[in-house]
Amino acid sequence: MLHLLLLVPIVHRDAAESRQFGFQDAATPMMQGIIDLHHDIFVFLVIISILVLRVLVCAPWHLRYKRNPIPGRIVHGTTIEMIWTIFPSITLMFIAIPSFALLYSMDEVLDPAITIKAIGHQWYWTYEYSDYSSDEQSLTFDSYMIPGDDLELGRLRLLEVDNRVVVPAETHLRMIITSADVLHSWAVPSLGVKCDAVPGRLNQTSIFIKREGVYYGQCSEICGTNHAFMPIVVETVSLDAYVSWVSSHT
Ligand SMILES: [Cu+2]
């Protein structure tokens, strides 16, 4: 709401930034779920860290020789053992339940309107829009990184590609990911997707992008010398713009 009051436009972080500390902005409900889960679990992490640190710092202080010259001979205590078994079990449950809920919701493929196949190669990606393919024609193109020397001013180095994956916003998409040679991984942080590209196998994931924008990702499975130079760019546009993009490419 603040940006409305200050009349400043919203600028989403959809690419990696220098000295970035947190996540990129979520563009899909899936990424929002990942960020929320991270924050939920972080609360437990902070509380447990404080408790453990307190014990670590206090124990040598209270049990130092001057204060406590004769060491205690306690070997067990039923109450404390009950507490330190039951309390972590409940904590783990509170972590596991939302984690599994997110994990299984990610597997769900909801009646996709468009299916796109991404094929990893050493070292570029090929995209195939299977819905528009027939015997005579197919919407297939390669997507290579733009080398630093050819970059226009303001474009992102090592992240920009010559042919972007253009998709409509607010549409259920199915990505089918595979490889033609070695292992690759199709990963776009803002979309919350990281899917292995395995030769001889089709991996499937669903994406629902909430807003228009340009999302940057990289191959995320080391695949050879140019592994760092096969980025991924997904551009979401309005449905009309998508339809004209498809017709200009078929
Ligand atoms: Cu790679």
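So, which residues in H2 meet which residues in H3? Keep in mind as we go that this is a predicted model. On the H2 side we have Met 30, Gly 33, Ile 34, Leu 37, Ile 41, Phe 44 and Ile 48, and they meet Thr 91, Phe 94, Ile 95, Pro 98, Ser 99, Leu 102 and Met 106 in H3. Sorted by class, that contact has 11 nonpolar residues, three polar ones and no charged ones.

How do the two helices sit? H2 covers residues 29–62 and H3 covers residues 78–107, and their axes come within 11 Å, crossing at roughly 170 degrees. Angles over 145 degrees count as roughly antiparallel, so that's what we call H2 and H3.

Okay, on to the charges. The count here is five salt bridges. One of them pairs Asp 14 with Arg 211, with the closest N and O atoms 3.0 Å apart. Asp 14 is in the loop between helix H1 and H2, while Arg 211 is in the loop between strands S8 and S9, so this pair ties together parts that are 197 residues apart in sequence. Asp 14 is buried, at 9% relative accessibility, and Arg 211 is buried too, at 16%.

Then there's a network of salt bridges linking Arg 155, Glu 160, Arg 164 and Glu 235. Within it, Arg 164 and Glu 160 meet at 2.7 Å, N to O, and Glu 160 is buried at 1% relative accessibility.

Last stop: Thr 171, in the loop between strands S4 and S5. Its side chain reaches the backbone oxygen of Ala 169 at 3.0 Å. Further along the sequence, Thr 171 has contacts including Ile 207, Phe 208 and Ile 209.

Note on methods. Residues are numbered from 1 along each chain as its sequence is written. This is a predicted model: local features need pLDDT of at least 70, side-chain atom pairs count only at pLDDT 80 or more; totals for chains, interfaces and linings use all residues. Side-chain values use heavy atoms; hydrogens and water are left out. Helices (H or I, at least four residues) and strands (E, at least two) are DSSP runs, numbered from the N terminus. A polar contact is a pair of N or O atoms within 3.5 Å; within protein, one must be able to donate a hydrogen and the other to accept it, and residues adjacent in sequence count only if both atoms are side-chain atoms. Contact means heavy atoms within 4.5 Å. Axes are lines fitted to C-alpha atoms, for helices over the stretch in contact, and angles run from 0 to 180 degrees between N-to-C directions. Angles under 35 degrees count as roughly parallel, over 145 as roughly antiparallel, 65 to 115 as roughly perpendicular and the rest as oblique. Ala, Val, Leu, Ile, Met, Phe, Trp, Tyr, Cys and Pro count as nonpolar, Asp, Glu, Lys and Arg as charged, and the others, Gly among them, as polar. A salt bridge is a side-chain nitrogen of Lys or Arg within 4 Å of a carboxyl oxygen of Asp or Glu. Buried means under 20% relative accessible area, exposed over 50%, partly exposed in between (1.4 Å probe, protein chains only). Lists of a residue's contacts leave out its neighbours within four places in sequence.
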